[in-house]
Amino acid sequence: MADLNAFKHLTSINDINEALQTLEEEDQRLSKQLDDFLSERCSLESKMFDLRASSPTVASISLKAEKLMTTVERSHSLAESVSGKVRVLDIARQRCNDAMNRVDDVLDLKLSTEGIRIALDAEAYEQAAGHIHRYLSMDESTIKRTAGHENDSSFDNSFKVLRDAEHRLKEIISQKCQEAIEKRDVAAISR
């Protein structure tokens with residue numbers, strides 16, 4: 001069974017994916033061995049039954065029983081080993097998924113920052129609201145930690161742009177709604 005400490009040094013997605021691939025290959029090999037042992041177990045049990053019926057010698061039966069017990073113990077140990085490796089794989093897979101989600105958040109931040117500018121300039125307020133909604137679902141401190149730049153002004157600037165755009169969009173929507181109310185434009189009000 002792989003030691004969890006061996007995986008703590010893995011920091012890049014490529015390293016984690018390589019370790020995951022190696023563990024999956026080992027898991028498949030051990031699963032095949034386990035299947036072989038388990039199929040051998042059935043065969044041994046069948047042979048033991050035949051021995052009991054055909055041989056009255058207790059010593060012979062005892063020897064076969066000991067071999068069966070050894071096989072079962074090996075199968076048990078192998079099953080525990082496979083189970084441990086599966087747990088390690090699950091942890092590595094979860095770390096990969098978490099890392100990919102954090103990278104997606106950083107990319108979304110950059111896309112939302114640019115998208116909000118374009119949408120507001122084009123007076124596409126629904127699209128701008130979509131970018132603001134995405135921004136509001138982001139965790140600013142997690143994104144900064146993910147990128148390893150907690151004091152990076154580019155992230156600070158991106159979040160400032162989005163906060164300013166949120167306030168600007170609220171003001172524009174309030175102004176447009178007020179104008180629509182004054183004009184009694186029901187379509188514009190519901191928009």
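**Exercise 1. Confidence**

In the protein chain, where is confidence lowest, and where is it highest?

*Solution.* Start with what kind of model this is: it is predicted. The chain averages a pLDDT of 79. Of its residues, 83% score at least 70. Now go element by element. Helix α7, residues 186–190, has the lowest confidence, with a mean of 66. Helix α3 has the highest, at 85.

**Exercise 2. Overall build**

Work out how many helices and strands the protein chain has, and what share of its residues is buried.

*Solution.* Count the elements. There are seven helices and zero strands. Along the sequence the pattern reads α-α-α-α-α-α-α. Next, take burial. The chain has 191 residues, and 28% of them count as buried. The accessible area is about 12,800 Å², with 53% of it belonging to carbon and sulfur atoms. Last, look at contacts between residues at least 6 apart in sequence: 72% of these join residues at least 24 apart.

**Exercise 3. The buried side of α4**

Find the span of helix α4, then say which of its residues are buried and how they are placed around the axis.

*Solution.* Step one is the span. Helix α4 runs over residues 125–136, which makes 12 residues. From first C-alpha to last, α4 reaches 16 Å, close to the 16 Å expected at 1.5 Å a residue. Step two is burial. Tyr-125, Ala-128, His-131, Ile-132 and Tyr-135 are buried in α4. Step three is direction. These residues cover an arc of only 115° around the axis, so they lie on the same side of α4.

**Exercise 4. Ser-112 and its contacts**

Is Ser-112 buried or exposed, and which residues does Ser-112 touch?

*Solution.* Ser-112 sits in helix α3, residues 58–121. Its relative accessible area is 4%. The cut-off for buried is under 20%, so Ser-112 is buried. Now list its contacts, leaving out residues up to four places away in sequence: His-131, Arg-134, Met-138 and Leu-162. One of these, His-131, is among the buried residues of α4.

**Exercise 5. A positive phi**

What is the phi of Glu-123, and where does Glu-123 lie?

*Solution.* Recall the general rule: most residues other than glycine have a negative phi. Glu-123 is not a glycine, yet its phi is positive, at about 55°. Glu-123 lies in the loop between α3 and α4. Glu-123 has 48% relative accessibility and counts as partly exposed.

How values were computed
Residues are numbered from 1 along each chain as its sequence is written. This is a predicted model: local features need pLDDT of at least 70, side-chain atom pairs count only at pLDDT 80 or more; totals for chains, interfaces and linings use all residues. Side-chain values use heavy atoms; hydrogens and water are left out. Helices (H or I, at least four residues) and strands (E, at least two) are DSSP runs, numbered from the N terminus. The expected span of a helix is 1.5 Å times one less than its number of residues. Buried means under 20% relative accessible area, exposed over 50%, partly exposed in between (1.4 Å probe, protein chains only). The arc is that of the directions from the helix axis to the C-beta atoms. Contact means heavy atoms within 4.5 Å. pLDDT is the predictor's confidence in each residue, from 0 to 100. Accessible areas come from the Shrake-Rupley method with a 1.4 Å probe; for residues, only the protein chains shown count as cover.
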